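The sequence and structure come first.

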Amino acid sequence: MLKIENVYKTFNPGTINEKRALNGLNLELKEGEFVTVIGGNGAGKSTMLNAVAGVWGVDSGRILIGDVDVTHLPEYKRAQYIGRVFQDPMMGTAATMQIEENLALAARRGKARTLRSGITKAEREEYREQLKILDLGLEERMTAKVGLLSGGQRQALTLLMATLRKPKLLLLDEHTAALDPKTAAKVLEATEKIVQKNQLTTMMITHNMRDAIAHGNRLIMMYDGHIVVDVSGEEKKNLTVEQLLSLFSQASGSSEVDDKLVLG
Amino acid sequence: MDFIGALLSSMPGAIAQGLIWGVMAIGVYITYRVLDVADLTVDGSLCTGGAVCVILTLNGVPMPAAILAAFAAGLLAGMVTGLLHTSCGIPAILAGILTQLALYSINLHIMGWGTDNGSKSNLPVSVDKYDLWVSSRHVRALTAENPFLILIPVLIIVIALLYWFFGTETGCALRATGANGNMARAQGINTNFAKVLGLMISNGLVALAGAFLSQYQGFSDINMGRGAIVIGLAAVIIGEVMFSKVFRNFALKLLACAIGAVMYYIVIQFVLKLGLSTDDLKLLTALVVAMFLAIPYWQGIRAQKTVKGGKGHA
């Protein structure tokens, strides 16, 4: 479903802030795979997701979604294949627009925006049903401005928006990191529910090793702009945090104490 | 009593001017509030609208066509700013300034069309010779020629069309672009297209206001748009200060801009009658707008201090 072939990306080339963020990255995802992505700060996790989403162009390499080469497609055109939830709860929704308006925008992802009505009566009923899945009572506040919602509510809403039209690929960039533990657990639970129900091909970045093991059917670890550990199936199910830490030490050649600080 | 009499007799003119500038203020609202861009093109495109309308009228073009052409010229001006911003990567505010500057020359040539040196800074159009839709001459007349009979329906039509448009898929995409560009792109919205479209609509409305303004005052002038952005902002802000608590609906928010423009011209008449020189009007306008922009900021700071200081200091 997703193929990343030998992708390189350097930020601020030729300056003192030069940073090689993706360093010969290769990855292939099969349809329905749910991959958790871990790695230290600066390992290239978010950069990988942004490269796939097309936030900027890559220096070299190819990115394919299904059979489509999207390497040179602008961000808004790739959006027809991709659902995204960001780390910052402010980033995924339009604060000054209503809950139902945000959903209506998401429902039109990948479709031409015409002069037809921006939201119809039939849609409202559908959104009401969809919002019930989140179990946050948002179905009773559909005309409230999104800016009035809490961070957790906004993330849950963004998740629903990302999956309202079934995406070929769901990208979750530490989407629970900015939330308190209880809310994070609830959003993660909703994530699991929605991914399972729609059999979505998913990449989820997390800083939480336990979450990385507990969720999904494949786990990759990044270091220095490429993938250093890739486990799936039974092997992944039986992983422990300790094993993961030692795998990380082997891959990065650093001490475990640092890893705990970085990977938490 | 003299003062009140003079003030009252100036009111119809002030309100008529306010309604014309209300259309302009609605254009400013679209860029400044909906799109979150301060667009300075309007200082040029207001005159462009006036110049196009007058030159076409003088050359025998029927008024509806002249007004439509003025609107189209505004669309074009907005498109230039939009493309400078999105396709050339120039910051929006600078893109607007560039277009505005270029329009100065273009406006001179529009008004000088057909003359020997092809350039003119002022172009009169007499209500006696031409069938103008609005004129300050009839502003106190209780006849069918009274400009309010045109201006009020025009304003209602503009607001109704915009209310419809911003409820469509395209209009919602435009609002999302202004509210959160990241989110808009992630939802497949071409934010560059949306920005260009927004700037076009905004400047189209500003040029439309210019077309009515030049008829109303009986001429178009190269300086008629100078400081227009500030007057537009003043109208938007006055409207918000007065009505933000009561007007929640989008159509009413647009109406608030128009009422804001009317209020602005009423206040201007008031201070003029108090003896202020017209030369000082722009200074006064700038001060008023600066103050209204600063007050919410100061209130924000005070609110923060109150939270930090706890109950005792509140």
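## Interface of chain B and chain A

About 2100 Å² is buried between chain B and chain A, and carbon and sulfur atoms give 55% of that area. Buried area here is the accessible area (1.4 Å probe) that two parts lose on being put together, summed over both. On the side of chain B, B:Glu169, B:Met183 and B:Gln187 supply 33% of the area buried against chain A, more than any other three residues. The contact, defined by heavy atoms within 4.5 Å, involves 20 residues of chain B and 28 residues of chain A.

The model is predicted: local features need pLDDT of at least 70 and side-chain atom pairs count only at pLDDT 80 or more, while totals for chains, interfaces and linings use all residues. Residues are numbered from 1 along each chain as its sequence is written, chains are lettered from A and ligands numbered from 1 in the order in which they are written, and side-chain values use heavy atoms, with hydrogens and water left out.

## Polar pairs and composition

Three salt bridges are found across the interface of chain B and chain A; the term requires a side-chain nitrogen of Lys or Arg within 4 Å of a carboxyl oxygen of Asp or Glu. The side chains of A:Arg108 and B:Glu169 form a salt bridge, with an N to O distance of 2.8 Å. B:Glu169 is also one of the three residues named above for their share of the buried area.

The interface of chain B and chain A further has 14 residue pairs in polar contact, both residues being at pLDDT 80 or more. A polar contact is a pair of N or O atoms within 3.5 Å; within protein, one must be able to donate a hydrogen and the other to accept it, and residues adjacent in sequence count only if both atoms are side-chain atoms. On the side of chain B that touches chain A, α5 (148-165), α6 (169-179) and α7 (181-186) of chain B each supply at least two residues. Helices (H or I, at least four residues) and strands (E, at least two) are DSSP runs, numbered from the N terminus. The largest share comes from α6(B), with seven residues. By class, this side of chain B has nine nonpolar, eight polar and three charged residues. Ala, Val, Leu, Ile, Met, Phe, Trp, Tyr, Cys and Pro count as nonpolar, Asp, Glu, Lys and Arg as charged, and the others, Gly among them, as polar.

## Domains of chain B

Chain B is divided into domain 1 (2-275) and domain 2 (277-314), with bounds from an automatic or database domain assignment. Their C-alpha centres lie 27 Å apart. In chain B, 14 residues of domain 1 are in contact with ten residues of domain 2. The area buried between these domains is about 940 Å², 83% of it from carbon and sulfur atoms. B:Val230, B:Ile237 and B:Leu272 supply 38% of what domain 1 buries against domain 2, more than any other three residues.

Between the two domains of chain B the count of salt bridges is zero, and three residue pairs are in polar contact, both residues at pLDDT 80 or more. The side of domain 1 that touches domain 2 draws at least two residues from each of α9 (228-243) and α10 (250-273) of chain B. α9(B) gives the most, with seven residues. This side of domain 1 divides into twelve nonpolar residues, one polar and one charged.

## Strand pairing in chain A

In chain A, four strands form an open antiparallel sheet in the order β2-β1-β4-β5; two strands pair if DSSP finds at least two bridges between them. β2 (19-29) and β5 (68-69) of chain A are the edge strands. β4 (60-65) and β5 of chain A pair over two bridges, and A:Ile65 stands opposite A:Val68.
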